[in-house]
Amino acid sequence: MSLRYLTLLGSTGSIGANTLDVVSRHPNRFAIHALTAQSRWQVLAEQCVKFQPMHAVLGDAAHVAPLQEFLRRHGCATQVHTGVDALCAVAGDPVADTVVAGIVGAAGLLPTLTAAATGKRVLLANKEVLVCAGGLFMRTAREAGAVILPLDSEHNAIFQCLPSSSQAPLRIAGAGVTRIVITASGGPFLKTPIEALDAVTPEQAVKHPNWQMGKKISIDSATMM
C-alpha cells in the first residue's frame, strides 16, 4: 500500500486532532505534508514537531514569529507561511494527494476549491463549502477528476448507507438516488413551542443537550443557520 501524503486544512480543531490521531496510528499508510491553523500557534507548533510537515500555514500573521522561533528551538525544519495565498498553495501542492478540509466557515472555501481544482482526494468536513458554492465546487471536482469523500459524521453516515454502486464519488444519481433529506436534531429547542421562540436567550441557545461545540456553532445550530 502506497503512502498517502496529507495536507490538513484546520489542524488544531476537533477534525484536525482526530485526523492526526488516525495518522499517528497508521504511519505506514499516512504522512503529513502540510498543517494549517488560524491562531492557535502553540497547538500547531506541537503538531509540527510531532509530524514534521514540510509546510505550516498560520492565518494570524502576528503569531508567525513565535511559531518560527519555537520550531527553530526544537530542530523542526517546517517552513512557516501565512495568508490565503499560502493556504491555497499548500492545498494545491502536487506533493500531497489528499486534502482534509476542516476549516470552519466560508474561510475554507478557497483552499478547498483549489484542492478540488487540482484533482486531489478531498476529505470534506466543511459544510460551508457546499452551502456557499456547492454547484461550483462539485462542477470543479468533476472536471478535474477530484475524489470527494464526506468526512463529517452526518454526511459520512449517509454515504455509508447509500447503495454500493454510488460509493464512487459523484455517482449518487446513477445509483437511483434522486434526493436525500436530512432532518435537524432540534438542539436545545427541540420541544420548545414555536410561539415561545421569540423569547429565547443566547444563554439558552448555547446549551446544546448533546454536544459541546463552542458558542458560534451552537448558535448556528440552534437558529438553523
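Is T98 buried or exposed? Select T98 to begin; this is a predicted model, and in this model T98 is buried, with a relative accessible area of 3%. A residue counts as buried under 20%, which is why T98 gets that label at 3%.

**Stop 1: around T98**

T98 has its place in strand β5. Now show its neighbours: leaving aside residues up to four places away in sequence, T98 touches R4, Y5, L6, T7, R121 and L123.

**Stop 2: the sheet**

Zoom out and colour the strands. You will find 7 strands forming an open sheet, in the order β4-β3-β2-β1-β5-β6-β7, with parallel pairing. The edges are β4 (79-82) and β7 (147-150), each of which pairs on one side only. As you step across the sheet, the twist averages 20° from one strand to the next.

**Stop 3**

Select residues 4-9 for strand β1 and residues 30-37 for strand β2: the two run parallel and are joined by 6 bridges. A handy landmark is Y5, which stands opposite A31 in β2. Y5 is also among the residues that T98 touches.

Move on to the pair β2 and β3, which are parallel too, over 4 bridges. Here the landmark is A37, whose bridge partner in β3 is L58. Next, select residues 55-58 and look at strand β3 from each side. Both of its faces are covered. H55 and V57 on one side are buried, and so are A56 and L58 on the other.

**Stop 4: helix α5 on the sheet**

Select residues 109-117, which make up helix α5. This helix lies across β1, β5 (98-101) and β6 (121-124), and runs at about 145° to β6. Which residues of α5 are buried? Highlight L109, P111, T112, L113, A115 and A116. They pack against β1, α4, β5, β6 and α6 (127-144).

**Stop 5: α4 beside α5**

Two packed helices are described by the angle between their axes and the distance between the axes. For α4 and α5, the axes come within 8 Å and cross at roughly 25°. Angles under 35 degrees count as roughly parallel, so α4 is roughly parallel to α5. The crossing in which α4 passes α5 is right-handed.

To see the contact itself, show side chains for V84, L87, C88, A91 and G92 of α4, together with L110, P111, T114 and A115 of α5. Sorted by class, this contact has 7 nonpolar residues, 2 polar ones and no charged ones.

**Stop 6: G119**

Finish just after α5, at G119, which takes a positive phi of about 75°. G119 lies in the loop between α5 and β6. How does its surface compare with the cut-offs? G119 is partly exposed, with a relative accessible area of 31%, because that value falls between the 20% limit for buried and the 50% limit for exposed.

Show the contacts of G119, and you will see that it touches A144, G145 and A146, not counting residues up to four places away in sequence.

How values were computed. Residues are numbered from 1 along each chain as its sequence is written. This is a predicted model: local features need pLDDT of at least 70, side-chain atom pairs count only at pLDDT 80 or more; totals for chains, interfaces and linings use all residues. Side-chain values use heavy atoms; hydrogens and water are left out. Axes are lines fitted to C-alpha atoms, for helices over the stretch in contact, and angles run from 0 to 180 degrees between N-to-C directions. Angles under 35 degrees count as roughly parallel, over 145 as roughly antiparallel, 65 to 115 as roughly perpendicular and the rest as oblique. A crossing is left-handed if the near helix is turned anticlockwise from the far one by less than a right angle, and right-handed if clockwise. Contact means heavy atoms within 4.5 Å. Ala, Val, Leu, Ile, Met, Phe, Trp, Tyr, Cys and Pro count as nonpolar, Asp, Glu, Lys and Arg as charged, and the others, Gly among them, as polar. Two strands pair if DSSP finds at least two bridges between them. Buried means under 20% relative accessible area, exposed over 50%, partly exposed in between (1.4 Å probe, protein chains only).
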